[in-house]
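Here's a quick briefing for anyone meeting this structure for the first time. Have a look at the model, then read on.

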Amino acid sequence: MQLALVRRQYPSRVLSVFTPFIAFGLTLLAGSIMFAAQGLDPLVTLYTYFVEPLIETWSLHELAIKAAPLILIGVGLSVCFLSNNWNIGAEGQFVVGAITGSALPVLWPDFANFATLPLMLLFGVLGGCAYACIPALLKTRFNTNEILTSLMLVYVAQLLLDWLVRGPWRNPEGFNFPETRIFNDAAILPELFSEYGRANWGIVFALVAAIGVWLMLRKTLKGFEVQVVGASPRAGRFAGFSSSRMVFFAFGLSGALAGLAGIAEVAGASGQLRPVISPGYGFTAIIVAFLGRLNPLGIVAAGLVLALTYLGGEAAQIALGLSDKVVRVFQGMLLFFVLATDTLIHYQVRVTGGTTAGDSRGDR
Amino acid sequence: MKRSLSVLIASVALALAGNVTAADFKACFVYVGSKTDGGWTQAHDIGRLEAEKHFGGKVETVFVENIAEGPDADRAIERFARSGCDIIFTTSFGFMDPTLKVAKKFRKVKFEHATGYKTADNLTSYNSRFYEGRYIQGQIAAKMSKQGVAGYIASFPIPEVVQGINAFVLGAQTVNPDFKLKVVWVNTWFDAGKEADAAKALIDQGVDILTQHTDSTAPMQVAAERGIHAFGQASDMIAAGPKTQLTAIIDTWGAYYIKRIEAAMNGTWKSQSTWDGLVDGILTMAPYTNMPDDVKAMAMNTEAKIRSGDLAPFTGPINKQDGTPWLKAGERADDGTLLGLNFYVQGVDDKLPQ
């Protein structure tokens, strides 16, 4: 009895739509087993985890806050990954965007008028974009592996932020504690419906970016170019597309969106810079991008799901005493199942060696 | 469908109710680290458990751990405020502004924030005078060191840590006026690898006493391997160095938590800004071990004097590191100055990161 993966002649369209749902279902199943192993009622736990955060208004606002950076970054990454550019450093571009955007309210706290916030957002976008162009330059010029360079630059960005908030940008009235001054009111990203919760304009940026990139990929020549260069660089060359310009476009766009996410996070939820401003949004967004099938609209849904795992994990921790590590286990399982089920789009599982179907199912 | 949903909700409610005992008061704790970190957060969790035990079944305690400082903290605190907590303790400096924000929204809930400086009608700040223990350690170090040089593994250059370094040197100088202190900044509260490396580097530079303002037991283990003495931090670390630990500063928050929960229950809770020390029981010295009797007697005598108020570590004459005068003879530093302390006293062999 043997199992073999046989390549499909054509990728299965049905499966490519449904694998994220199958993966999510399998995650829930595996999660239930994990809860049961810890002596918790899986049904109650899943309810606390995935339903409770959705039935209260304030909690929905929190969901939007958490999902906005994931969607913004994930949408940018989808362009990178589709064009075969492996930007693993969105976390660093997020941080640099937050830094360049914050320069204005930190260094010129008295500059507070209607132009403050737009300028901050612009600086954030430019900062993230410029920072992402470093691995792009290294790749096109020296043929350096962009996975390594973009990842390494994350640590550079984090240490730069750390140095700034402990050193030159430290709050002069902050008793030496490592944080910048609190932004002036003109530098704060307004809340959408402040009487109901904290959700701010970040989620609007995320949705606009998702729709914009979706239209770009579907309706424009540039979008076609992204997909051709990604699927077959050689075909791209024949078509006259420059692969090095595509590297800069993909990195630049995803860096810009990550930078926007960074400054929106800092100007929205925090209101100041601290040594650590992200719980790993740039890395989680990689899961979001793949869970969303590298489709910007799918990424919106995926971002909301991942945000829900964060909120639910916290709710479960408080209500049921579940360890906070479970959140990361959940996210890891989700990525694992997404990648695993993706195999089924291109491959079929065939049983060879003449056994009954029942046996083979047992093996799977 | 509708029915199964309501059954589900009912079962959830039942399960939650099962968790909640007949307690009529709920105290909630937000932790920055893991409750088993062996240092800072664990000390708070021990305090929480003491309080729970003290009140029998009358107080329910809940905690949430590994909450990042920043927007996540806002949400964790708000969730607590909404879930019926009567008093919420947030136990990291970085929770200060989030706690203040939530406190403004939930006026009926009482909030207590550790190691910060902002307060409100329903928000108290509390802290511990760790430096009192450091002063005693400095005296012991000066007695026990043959080289006259101690090593200090420091986390971040914030006032609380600078107070500790200065108090250690001031204590040591009462025994040996030429005593020197070398400092290594590791820029972390908890990183066993970095702390061990710092310990080795300091020992290689000739220090024969180690102390730390970080939370892992790695420096204690390195000191034990190299056969020198060391001081524990936040928790009693005697298990990591039975022949090495001279004493340790143990954070004992339980007494404070019991006091504040009690006040909140009987309606006498008021917003305040407390900075308790040895006398209030918020910090405790681990048994004085691995030292001759005369050193032990000196340490206990100093501890008694600090408790009685006869001795304040920051009492003049004290010069700043560069030799310029800071406090005149007999002058005591006020709390405001100490809470913003950002310079060394004379005798520290290091440049304070600015």
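Before we talk about domains, a word on the term: the domain bounds used here come from an automatic or database domain assignment. Also keep in mind that this is a predicted model.

**Domains of chain A**
- Chain A falls into domain 1 (1-40 + 322-364) and domain 2 (58-319).
- Taken over C-alpha atoms, the centres of domain 1 of chain A and domain 2 of chain A are 31 Å apart.
- Where they touch, ten residues come from domain 1 of chain A and eleven residues from domain 2 of chain A.
- On the domain 1 side of chain A, H13(A) gives the most, with seven residues.
- That side of domain 1 of chain A has eight nonpolar, one polar and one charged residues.

**A helix pair in chain A**
- Helix H11 (residues 281-291) of chain A packs against helix H13 (residues 325-346) of chain A at an angle of about 35°, and their axes are 10 Å apart.
- H11(A) and H13(A) make a left-handed crossing.
- From H11(A) come Thr284(A), Ile287(A), Phe290(A) and Leu291(A), which meet Gln331(A), Leu334(A), Leu335(A) and Val338(A) of H13(A).
- The residues in this contact of H11(A) with H13(A) are six nonpolar, two polar and no charged.

**The sheet in chain B**
- In chain B, seven strands make an open sheet with mixed pairing, in the order S12-S10-S9-S8-S6-S7-S15.
- Strand S12 (283-285) and strand S15 (348-349) of chain B are the edge strands, each pairing on one side only.
- Strand S6 (residues 149-154) and strand S8 (residues 209-212) of chain B pair in the parallel sense over three bridges.
- Ile153(B) has Gln212(B) in S8(B) as its bridge partner.

How values were computed
Residues numbered from 1 in each chain as written. Chains lettered and ligands numbered in written order. Predicted model: local features only at pLDDT ≥ 70, side-chain atom pairs only at ≥ 80, totals over all residues. Axes fitted to C-alpha atoms, helices over the stretch in contact; angles between N-to-C directions. Helix = DSSP H or I, 4+ residues; strand = E, 2+ residues; numbered from the N terminus. Left-handed = near helix turned anticlockwise from the far one by under 90°. Contact = placed C-beta atoms within 7 Å. Nonpolar A, V, L, I, M, F, W, Y, C, P; charged D, E, K, R; others polar. Pairing = 2+ DSSP bridges.
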